[in-house]
Amino acid sequence: MDSFSHYRLHKTEDGYELVLYLNERMSEFSDELGTRQKDEQRNLKEEALDYTRKHLPNLKVKAIKVVAGTLLITSFGFLTLTPSAEASASSPTEQTASTTYTVVSGDTLSQIAARNGTTVDAIKTTNNLTSDFLRIGQTLSIPAGTTTAPVQQTDQTYVVVSGDTLSQIAARNGTTVDAIKTTNNLTSDFLRIGQTLSIPAGTTTAPVQQTDQTYVVVSGDTLSQIAARNGTTVDAIKTTNNLTSDFLRIGQVLVIPTAGSISTAPTANININEEELEWLAKMIHAEARGESKEGQVAVGAVILNRVNSDLFPNSIQDVLFEKSHGHYQFSPAGNGALDRATPNEENYEAARRALSGEDPTNGSLFFYNPDKTNDEWVRSRTVSTIIGNHVFAH
């Protein structure tokens with residue numbers, strides 16, 4: 001029986017810090033927690049080294065901490081506890097292809113790097129990033145060959161985002177709910193946004209791709225992002241869920257098909273009449289005619305996100321002319337600019353692109369020009385992205 005029940009890893013600039021958790025029987029050998037005799041600490045150090053070489057032979061460990069419960073028993077650092085020559089020879093030092101990752105709410109470069117066994121600098125160099133700022137929905141190329149061992153050999157960390165459940169996190173990481181709860185000492189299935197979980201490795205015996213999974217839509221999701229993250233296609237998801245458009249609503253539960261369950265049945269196109277198309281183009285003209293094409297599509301996307309939301313009316317015209325507390329939701333509807341708008345072909349093209357499912361706002365329901373409004377409520381909304389003169393928010 002090992003002296004340690006489990007471990008956790010923390011990535012540092014030049015290696016990993018390893019935290020080892022004592023088995024209960026080892027804790028009983030202490031006269032008092034935190035006051036082990038020198039001989040005992042020396043033996044503990046040797047056991048920690050043996051445990052590390054046995055369980056993490058390919059990892060560059062720079063420091064080890066030994067913990068009993070929540071108390072630190074001892075800690076020590078190393079200059080040379082690196083992967084053995086034999087282990088290094090048997091483990092590939094580089095891979096042949098990069099992968100891609102789509103940024104979701106709560107992501108940071110350091111978290112993405114840790115989960116993919118690479119570094120922040122490597123990701124920034126690969127993607128020509130000049131800062132650590134990330135956009136929801138942004139696609140990153142994850143460079144390969146920057147670690148000395150596959151990340152699957154050690155526990156990973158995951159930061160909880162809106163809509164996550166333990167079952168979804170377990171399914172996405174090839175583990176089980178019980179394994180995650182045991183590793184993180186959880187007594188319930190409750191999660192909080194921003195919570196960091198250690199994801200245990202190697203706890204399943206069969207690929208999760210063998211069965212369909214479910215996914216709960218969170219703020220900023222698009223079908224293309226969900227499909228990419230789950231190794232399927234937009235058409236397959238739409239067919240499996242009987243969707244007739246690319247619109248999603250927060251909290252919506254989707255069945256994610258596997259390769260064996262993808263149907264080739266055709267999907268229906270979005271049905272919209274010319275009058276609704278014209279109203280959407282008129283609003284784009286009224287609100288964004290001086291903006292870039294992306295900025296115009298973004299305004300159209302917000303309108304359609306509202307149509308698809310349970311919080312707003314379910315038609316384009318009703319959304320455009322909706323009132324709240326006696327005031328129009330969109331100023332052009334109230335001052336007559338919407339009725340007088342004469343959209344051009346560029347506005348119509350932006351409207352069609354929004355109707356086809358293009359959404360550069362990451363699912364936003366609000367937009368405003370910070371130079372033209374002092375409304376504290378809209379300014380308090382969570383910002384998704386900024387395009388041109390408009391701020392888009394949830």
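Contact here means heavy atoms within 4.5 Å. Keep that one in your pocket, everyone, we'll want it in a minute.

Okay, what are we looking at? It's a predicted model, so local features need pLDDT of at least 70 and side-chain atom pairs count only at pLDDT 80 or more, while totals for chains, interfaces and linings use all residues. Residues are numbered from 1 along each chain as its sequence is written, and side-chain values use heavy atoms, with hydrogens and water left out.

The overview, then. The protein chain has 16 helices and 15 strands. Out of 394 residues, 46% count as buried. Buried is under 20% relative accessible area, exposed is over 50%, and partly exposed is in between, using a 1.4 Å probe and protein chains only. And if you take the contacts with a separation of 6 or more, 62% of them come from residues 24 or more positions apart.

Let's start with a sheet. Strands of a sheet pair through backbone hydrogen bonds, either parallel or antiparallel. For us, two strands pair if DSSP finds at least two bridges between them. There's an open sheet of three strands, in the order β13-β15-β14, with antiparallel pairing. β13 and β14 (383–387) are the edge strands, each pairing on one side only. From one strand to the next, the twist averages 20 degrees.

Now zoom in on β15, residues 390–393. It pairs with β13 over three bridges, antiparallel, and there F367 stands opposite F392. With β14 it makes four bridges, also antiparallel, and A393 is the bridge partner of V383. Which way do the β15 residues point? H390 and F392 go one way, V391 and A393 go the other, and all are buried. The hairpin of β14 and β15 has two residues between the strands, and in it G388 takes a positive phi near 60 degrees.

Here's where contact comes in. Helix α11, residues 293–308, lies across β13, β14 and β15, running at about 30 degrees to β15. Those axes are lines fitted to C-alpha atoms, for helices over the stretch in contact, and the angles run from 0 to 180 degrees between N-to-C directions.

Staying on α11, find Q296, which sits in that helix. Is Q296 buried or exposed? It's buried, because its relative accessible area is 0%. Leaving aside neighbours within four places in sequence, Q296 is in contact with I284, A288, R289, E291, E346, N347 and A350.

Next, the second largest pocket. A word on method: on a 1 Å grid over the protein atoms alone, a pocket is an open set of points with protein on both sides within 12 Å along at least five of seven lines, a cavity is a set where a 1.4 Å probe fits but cannot get out, and lining residues have an atom within 4 Å of a point. This pocket's volume is about 860 Å³, meaning the space filled by probe spheres set on the points, with grid points joined across faces, edges and corners. How many residues line the second largest pocket? There are 28, and E287, Q329, S331, F367 and Y368 lie nearest its centre. You'll remember F367 as the residue opposite F392. At least two lining residues each come from α10 (274–288), β12 (327–328), α13 (331–335), β13 (366–368) and α16 (376–379).

Over to another part of the chain. Strand β3, residues 61–68, is mostly covered, with six of its eight residues buried. Strand β2 (15–22) runs parallel to β3, and six bridges join them; L20 stands opposite V66 there. β3 also pairs with strand β4 (71–77), antiparallel, over six bridges, with V67 opposite L72.

Last stop, two threonines. T52 is in helix α2, residues 38–55, and counts as buried because its relative accessibility is 2%. T52 and L18 are 34 residues apart in sequence, yet 8.5 Å apart in space, C-alpha to C-alpha. T182, in helix α7 (177–183), counts as exposed because its relative accessibility is 57%. T182 and H6 are 176 residues apart along the chain, and their C-alpha atoms are separated by 9.7 Å.

That's my tour, thanks.
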